Amino acid sequence: MARAVRSGTRVDTMLLVACCVMALLATVLPVTLREAIAGGLRRTVVAPLLSLQQQAERGRSAFLSREATTSRLDSVSLRNMQLARLETENERLRALLGLGRQLEWGFVSAEALRSFPIGEDHQRVLTAGSNAGVESKTPVVAPEGLVGMVLSVDPTQSIAILWTHRDFAASAMSADRSAYGIVYPHLSDSRTGEDIPPERYLLELRGVAFRTALKPGTPILTSGLGGVYPAGIPVGTVLGELQASEGWARTYLIRPAVRPPDVSNVIVLLPKRVEGQSLDRVWRSTVSADSAARKIAAAGDSIARRAAADSLRAAEANAARRVADSLARVGAVGQPAGSPSQPGARPGATATPPPAGRADTTRPSRPDTTGRGRRP
Amino acid sequence: MTWARTARAILAFVVLVLLHYTLRPLLGWRTPVDFLVIAVLLSAVRVRPGAAALIGFCTGLVADSLTPSAFGAGALAMTGIGAAASWLKAVFFADNVVLHGFFFFAGKWAFDIVYVMAERRVQGVELATQLLLWSPLSAAITAVAGIILLLMLRPVLEPQAA
């Protein structure tokens with residue numbers, strides 16, 4: 001028993017000494033050998049542990065950076081929300097530039113600021129005043145059409161009323177000049193504040209001759225009568241006829257061309273530009289320029305499609321030609337001149353490719369179906 | 001030790017090694033818990049000193065493979081504390097929690113001393129700070145963690161009968 005214990009102690013001591021010696025040796029090994037042993041361990045035994053450690057460290061860094069990530073996400077979302085607004089504004093400014101290009105002269109562009117409390121959404125402060133040539137009762141327009149009129153002017157700013165204002169009125173006509181009348185804001189319910197009904201943002205075309213009926217969708221333009229608004233500015237489109245008390249005239253409900261919330265940048269037409277000038281062509285060319293741009297884009301697409309189809313057709317033709325050439329070459333190499341190209345072929349037959357349609361499969365047209373059931 | 005006890009001890013060892021490579025980096029403390037030392041100490045008290053030295057050597061070598069600049073230092077330190085724990089296990093037969101805590105504390109501190117000395121990387125004030133400030137702190141945290149783990153693993157780790 002004592003011998004066994006002694007022997008066990010000796011084995012323990014030997015193991016301990018061996019382990020210590022190996023560990024000490026490991027500390028003084030050359031770097032390359034040390035790296036080789038460590039690398040071998042890392043690739044085998046330690047690899048799963050190392051993977052666990054990496055994942056844990058990644059989890060910790062993700063946990064630590066969560067606040068920064070959240071705030072970054074918030075700011076990106078906020079910017080994204082602003083992006084749609086900026087895109088809309090950009091489109092409007094582009095349209096305004098296009099309108100300015102069509103007008104060529106006699107106008108001032110201005111920002112329309114909303115400086116009145118909610119519920120008084122019928123006026124705007126324009127950032128252009130008498131210093132820029134703006135005068136009272138000059139029309140204010142947007143790319144979509146008529147916005148309103150300048151009410152009062154200061155040197156650097158002016159106040160304009162929108163078409164929703166109860167004092168707004170404009171002489172108007174249908175686009176084909178068949179009907180004339182006066183456009184007023186639709187004041188069927190003059191409530192103010194947050195509960196303004198949607199009808200409040202419509203217009204009425206009053207005093208249209210009874211004999212003239214306007215269909216829904218008919219464009220309404222300013223007529224130029226009255227001297228304030230030049231002819232040809234889009235006012236809106238006909239929605240339908242209103243029941244009016246007068247028996248000799250019709251009144252129509254008009255959907256306005258310009259929505260008040262969209263009024264942010266406008267053009268003020270200077271008096272010289274208004275005098276006796278029809279602006280009908282300006283809006284027509286603005287619309288046509290827009291549609292022309294769309295047509296150009298569409299044409300570009302169709303040209304690209306046609307080019308792709310042409311290249312496909314050319315590739316098919318090349319492939320067919322190559323097949324025909326190789327067949328001809330096979331025929332020329334395998335057979336002597338003047339001999340049939342294939343076994344069983346008739347003498348004198350050439351190696352030209354067969355026609356696309358087989359003659360024996362071409363069915364003659366049935367006399368009873370001729371002229372019937374044909375596709376145009 | 002029966003097969004069942006051996007299997008349970010191996011299971012506890014594996015769990016502690018996994019904790020060393022998952023929980024320790026997840027916590028990321030300046031004075032980290034050394035689960036490997038706890039694993040070696042808990043294994044060492046259940047085997048003979050020679051086997052304990054071998055377990056310590058292998059565990060240290062695995063740990064050293066991730067720090068090739070100090071290759072061998074961990075193996076030497078683990079071999080030493082493993083063998084010492086096995087020889088001194090008679091002191092801890094009482095299964096006293098405080099004694100176990102001291103056991104873990106002393107084991108971790110001894111490991112750090114041997115490791116830092118064998119590594120020969122730090123010297124002077126830095127060495128003193130490491131051995132007299134950070135190492136005792138780490139040893140204390142390791143001791144606390146060791147006691148918690150011991151209480152949790154008590155059904156698995158029954159102490160060897162004296």
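Chain B is built from six helices and zero strands. Keep in mind as you look around that this is a predicted model. Reading along the sequence, you get the pattern α-α-α-α-α-α for chain B. Of the 162 residues in chain B, 48% are buried. If you take the contacts in chain B between residues at least 6 apart in sequence, 67% of them join residues at least 24 apart.

Let's zoom in on one helix pair. Two packed helices are described by the angle between their axes and the distance between the axes. Helix α3 of chain B covers residues 49-64, and helix α4 of chain B covers residues 73-87; they pack at an angle of about 155°, with their axes 7 Å apart. Angles over 145 degrees count as roughly antiparallel, so that is how α3(B) lies relative to α4(B). As for handedness, α3(B) and α4(B) make a right-handed crossing. Sort the residues in the contact of α3(B) with α4(B) by class and you find 16 nonpolar, seven polar and one charged.

Now for the middle of things. Where is the largest nonpolar core, and who sits in it? This core has 60 residues, and the ones with the most contacts inside it are B:Ile38, B:Ala39, B:Val40, B:Leu41, B:Ala77 and B:Ile81. B:Ala39 is a handy one to click on. Setting aside its neighbours within four places in sequence, B:Ala39 is in contact with B:Phe13, B:Leu16, B:Val17 and B:Thr59. There is also a second, separate core, this one of 49 residues, including A:Leu221, A:Val235, A:Val258 and A:Val274.

That leaves the place where the two chains meet. Chain B puts 27 residues into the contact, and chain A puts in 26 residues. On the side of chain B that touches chain A, the elements giving two or more residues are α1 (3-27), α3 and α4 of chain B. Which of these gives the largest share? That would be α3(B), with nine residues. By class, this side of chain B has 18 nonpolar, seven polar and two charged residues.

Conventions:
Residues are numbered from 1 along each chain as its sequence is written. Chains are lettered from A and ligands numbered from 1 in the order in which they are written. This is a predicted model: local features need pLDDT of at least 70, side-chain atom pairs count only at pLDDT 80 or more; totals for chains, interfaces and linings use all residues. Axes are lines fitted to C-alpha atoms, for helices over the stretch in contact, and angles run from 0 to 180 degrees between N-to-C directions. Helices (H or I, at least four residues) and strands (E, at least two) are DSSP runs, numbered from the N terminus. Angles under 35 degrees count as roughly parallel, over 145 as roughly antiparallel, 65 to 115 as roughly perpendicular and the rest as oblique. A crossing is left-handed if the near helix is turned anticlockwise from the far one by less than a right angle, and right-handed if clockwise. Ala, Val, Leu, Ile, Met, Phe, Trp, Tyr, Cys and Pro count as nonpolar, Asp, Glu, Lys and Arg as charged, and the others, Gly among them, as polar. Two residues are in contact if their C-beta atoms, placed from the backbone, lie within 7 Å. A residue is buried if 20 or more other C-beta atoms lie within 10 Å of its own, exposed if 12 or fewer, and partly exposed in between; C-beta atoms are placed from the backbone. A nonpolar core is a set of buried Ala, Val, Leu, Ile, Met, Phe, Trp, Tyr and Cys residues joined through C-beta atoms within 7 Å.
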